[in-house]
Amino acid sequence: MRGSSSISEARWFAVTITLTTLSAITISAAAAAAYIFKRKCNSLKSKINELESSLISCSDKCASERQGRIRAQKLLRKQLTQPKSQNPNLTSYPMIPIGTVHSCFSTRYGTPRQPLLVPLARACLVFNTTRVPPASLEGLADYSHCWIIYVFHLNTDLEKMWKHPSQSGFKAKVRVPRLKGGRMGVFGTRSPHRPCPIGLTVAKVEAVQGNMILLSGVDLVDGTPVLDVKPYLPYCDSIQDAVVPNWLMEDNLFSVASISFSEDFASSLENCWIMAEKKSLYASPGEFQSLVTQVLAWDIRSLSQRIRPHDVILKKEKDQLLGDTSDVDEHLDETAFVRDREQNSPNSMEVIYHLILEGLDVSYKIDHDGNVIVEKVSTFAVLDNKINSSYNYLTWKDKLR
């Protein structure tokens, strides 16, 4: 029995040693795992701290850069508005045209004196996409009209704007057509000859497409640079009790008595329309003729042309021969004149005026009673190649209201 007991004790002892060894190994493994986990946690915590520090540093750097940009922008604005040393009264601002008007009025002559007088007068305003992304026009089509701020780029005295005020020869008063040559302070008129050659007009928004706006009722000449466009808001832009001077109250001062077309007009227009149609903002010769009627419903001649048409022509010719055009009426350089002697009266002269619309030369006469006779249409070669076919009627056909 003793032998059996000794064997059992030996086995128990061996089992105990084995369990003790296993426990020690397990504890050692757990301790090693805990140590490794702790090291990894410490490493991750260190990396998190580094990332947090880096993020804070980047945020501080961005904030510092933003403050630097703001300071630089403020300094730039201050410098731009600082009086120049050579002219202490002159300040300047970064205003650059953002678009160009492609109008049915090829020259100044015939361009309405005010907006909306010629409802069929169309123009395509094309924006420079590097300055005005097409998304900028989103929402404009929901308005019926818009304001347009532009530059009087064809003023004959623009070079004077760069001179010192004492040398610019700026005239405080201008001749007013409604006053029959009488003078009025420039700010009491809408004369294009202003201290800053900036114009303001309103037009109907016919359609918007991409970076273009189709306008109607315009009084803008082709090539006009545009500075800004704003929607027309009737509730604040329309002033019901606005007051104007008495000399503006006569509505029919510039209206003509009648308009008629010669027998050759229709055929001459049809011949020209074969080429003009590709570049025209109008659907048909009939619609173009309606435009001519609306434009010539107003006497578009200057005061000197209305009072002394023959004297003005002779003066222009004389000044051109002498090389002096300083006193020539500002509209004459835009108007082509033809003098035809009547067969029964060799000493008399008949004045034929030329209205240029969309590169087409519309010749007409007007008598002393204000009766207009439109004679024919021909192609005006000088402007024929300047009209872009990308802005024609077909471009807008599906969008016109």
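Let's start with helix 4, residues 265–276: its 12 residues, at 1.5 Å a residue, should span 16 Å, and the end C-alpha atoms lie 15 Å apart, which agrees. The expected span here is 1.5 Å times one less than the number of residues. Helices (H or I, at least four residues) and strands (E, at least two) are DSSP runs, numbered from the N terminus.

Before going on, a word on what you are looking at: this is a predicted model, in which local features need pLDDT of at least 70 and side-chain atom pairs count only at pLDDT 80 or more, while totals for chains, interfaces and linings use all residues. Residues are numbered from 1 along each chain as its sequence is written, and side-chain values use heavy atoms, with hydrogens and water left out.

Back to helix 4, where Phe265, Ser268, Leu269, Cys272, Trp273 and Ala276 are buried. They cover an arc of only 140° around the axis, which puts them on the same side of helix 4; the arc is taken from the directions between the helix axis and the C-beta atoms. An α-helix has 3.6 residues a turn, so residues three or four places apart point the same way. On the face turned away from the buried side sit the exposed residues Asn271 and Ile274. Buried means under 20% relative accessible area, exposed over 50%, and partly exposed in between (1.4 Å probe, protein chains only).

What do the buried residues of helix 4 pack against? Their partners are strand 9 (258–261), helix 5 (285–296), strand 12 (360–366) and strand 13 (371–379).

Because 7 of its 7 residues are buried, strand 12 is largely enclosed by the rest of the structure. Leu360, Val362, Tyr364 and Ile366 point one way, Asp361, Ser363 and Lys365 the other. In a regular strand the side chains alternate between the two faces of the sheet. Strand 12 runs antiparallel to strand 13, joined to it by 7 bridges; two strands pair if DSSP finds at least two bridges between them. Serine 363, for instance, has lysine 376 of strand 13 as its bridge partner. The hairpin of these strands has 4 residues between them, and glycine 370 takes a positive phi near 85°.

The mean pLDDT (the predictor's confidence in each residue, from 0 to 100) is 81, and 78% of residues reach 70 or more. Over residues 311–347, pLDDT stays under 50. Where pLDDT is low, the predicted coordinates should not be read in detail.

Note on methods: Contact means heavy atoms within 4.5 Å.
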